[in-house]
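Thank you for asking for comments on this model. The points below are numbered so that each can be read beside the structure.

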Amino acid sequence: MRPFVLAVHGSSLPTAAATLERLCDAVEDLGGIRPVVGHLDHQSPSLAEALSEGAVVVPLLLGDGYHRTVDIPAVVEGRGIGCLLARGLSGEPAIAVALRDRLREAEERAGVRADAVVLAAAGSSRAGGNDGARVAARQVRLLLPGVPVRVAYCSAAEPSVPEVVAGLRGAGHRRVVVATHLLAPGRFTVALSSAGADAVAAPLADHVGVARLVLRRYEAVLLRGSGVRPEPALLPEAA
């Protein structure tokens, strides 16, 4: 088996490290291999420091913005001898299921049932960088029939989360809940608490469905790298 590296954005919040630790625990329980976490910002080890020869790098990112399309490939190409790079997590049905589950947990904590949902994504100014959030919103709508789901962004794109919450309130919705299209605690999750919603869901990284998805990304790269064509059930696109 090749070494397994998760490329993450990084956050200085201690709760972010704890969330990623739970993700790594779940991946190890499921697949028998423990990922090493490499950070793009804020924390050590950096992604470059985490790379070892022949590693499979899975970007722990929900969008295809600058980090996924430029930063991570550059580090892997420049510092990773014989390393292989997997796709990110953008647009996967498993992410929509995790969003739905976290939403239900937030509703239960707050004692409400959403009559409107704001899917809060990080946001990207890069072409295609917000496609994952838009796909996730469409998928969540199918899981929450009759409940409007609107996409909003924490930075770099519009509309903002407070704007969309306010717009839904103005349209007559009384129980607005934020579905957090983010993986770990950080400055964006802190800001969501003041967006004016009735409840805010937790981030997604320590949901078991995310652990399964990350492991499938790793396994699919192993199969491609060995010259074996993946079976349909093991393809990254499979839910």
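1. Contact is used here for heavy atoms within 4.5 Å. Leaving aside its neighbours within four places in sequence, L119 is in contact with L99, A133, A136, A137, V140, V149, R150, V151, A152, A179 and H181.

2. The model is predicted, so local features need pLDDT of at least 70 and side-chain atom pairs count only at pLDDT 80 or more, while totals for chains, interfaces and linings use all residues. Residues are numbered from 1 along each chain as its sequence is written, and side-chain values use heavy atoms, with hydrogens and water left out.

3. L119 also belongs to the largest nonpolar core, which has 51 residues, and is among the members that touch the most others, together with F4, L6, L23, L60, V210 and V214. A nonpolar core is a set of buried Ala, Val, Leu, Ile, Met, Phe, Trp, Tyr and Cys residues joined through side-chain atoms within 4.5 Å; buried means under 20% relative accessible area, exposed over 50%, and partly exposed in between (1.4 Å probe, protein chains only). Apart from this core lies another, of 14 residues, including V118, A120, L168 and F188.

4. Strand β3 (residues 56–59) is covered on both faces, with V56 and V58 buried on one side and V57 and P59 buried on the other. Helices (H or I, at least four residues) and strands (E, at least two) are DSSP runs numbered from the N terminus, and two strands pair if DSSP finds at least two bridges between them. Strand β1 (residues 4–8) runs parallel to β3 and is joined to it by 4 bridges, with V5 opposite V57. Strand β4 (residues 84–85) pairs with β3, also in the parallel sense, over 2 bridges, and here V56 stands opposite L84.

5. Which residues of helix α1 are buried? They are A16, T19, L20, L23, C24, A26 and V27, and because they fall within an arc of 160° seen down the axis (taken from the directions from the helix axis to the C-beta atoms), they line one face of the helix. The face turned away from that buried side carries the exposed residues P14 and D29.

6. T19, which lies in α1 (residues 14–31), is buried, with a relative accessible area of 4%. The T19 side chain reaches the backbone oxygen of T15 at 2.8 Å, and, leaving aside neighbours within four places in sequence, T19 is in contact with L183, P185, A205 and D206. After α1 comes G32, whose phi is positive, near 75°.

Methods:
A polar contact is a pair of N or O atoms within 3.5 Å; within protein, one must be able to donate a hydrogen and the other to accept it, and residues adjacent in sequence count only if both atoms are side-chain atoms.
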